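Open the model in your viewer and keep the selection panel at hand. The tour below goes stop by stop.

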Amino acid sequence: MTKHRCGWVTNDPDYLAYHDHEWGVPCFDRQRLFEMLCLEGQQAGLAWITVLKKREAYREAFYHFEPEKVAQISPDQMKVLLQSPTLIRNQLKIASIISNAQALLAMEANGEDFVEMIWQTVGHQPIHQSYTDYREAPVSSPHSQLLSNALKKRGFKFIGPIICHAYMQACGLIIDHQVNCFKYSETNNSRS
């Protein structure tokens, strides 16, 4: 039996695996939430599949997104990263990963929990939405604006409301699987 998926999914094996096992699954893991925030920022102006295909290279280059290690990347190391053909060679985007790690550590040093701050923007419960076509889903929302503002206030970069909305969809804060997608019934059946 053929599984129906959201209309944005192609037959690319990486895309299929990402949609079926990651996208829209609520995430509470600090390192994964940090990774996805950085990767969504790398996507700005590009297709997500471009970033998805480079994700393993990013993980290798950025210490699997351990904020403590990423925050210590030196200007000389950054120059090397900017020469890597396996990464998106945009100086502002690469620098944002490092500064985002520093911002995360600074907020934690001030007693704020990164995961808590992310999830409080949706009241600690995923927002389930119902669309018959993925193109009906908005590209930003009041929740993504709230998250964007909260992150900007703490010094994060490449985190506008559109990037934050895609991030919230990816990490299961906003669940936007189409109603005919097999994941829609799975995520709605798992509501608490």
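**Guided tour**

Select isoleucine 118. Beyond its neighbours within four places in sequence, Ile118 is in contact (heavy atoms within 4.5 Å) with Leu147, Leu151, Tyr167 and Leu173.

This is a predicted model: local features need pLDDT of at least 70, side-chain atom pairs count only at pLDDT 80 or more, and totals for chains, interfaces and linings use all residues. Residues are numbered from 1 along each chain as its sequence is written, and side-chain values use heavy atoms, with hydrogens and water left out.

Next, widen to the largest nonpolar core, which has 55 residues. Such a core is a set of buried Ala, Val, Leu, Ile, Met, Phe, Trp, Tyr and Cys residues joined through side-chain atoms within 4.5 Å; buried means under 20% relative accessible area with a 1.4 Å probe, protein chains only. Ile118 is among the members that touch the most others, as are Tyr58, Phe62, Phe114, Leu151, Phe156 and Tyr167. Colour helix H6 (91–109). H6 gives this core its largest share, 7 residues. Helices here are DSSP runs (H or I, at least four residues), numbered from the N terminus.

Move to H1, residues 13–21. Tyr15, Tyr18, His19 and Asp20 are buried there. At its N-terminal end, Asp12 is the cap: a side-chain oxygen lies 2.7 Å from the backbone nitrogen of Asp14.

Last stop: which residues lie nearest the centre of the largest pocket? Select Trp23, Gln43, Val139, Ala166 and Gln169, from a lining of 21. H9 supplies the largest share of that lining, 5 residues.

Conventions:
Buried < 20%, exposed > 50% of the residue type's maximum accessible area, 1.4 Å probe, protein only. Helix = DSSP H or I, 4+ residues; strand = E, 2+ residues; numbered from the N terminus. Polar contact = N/O pair within 3.5 Å; in protein donor to acceptor, adjacent residues only side chain to side chain. 1 Å grid on protein atoms, 1.4 Å probe; cavity = no way out; pocket = protein on both sides within 12 Å on 5 of 7 lines; lining within 4 Å.
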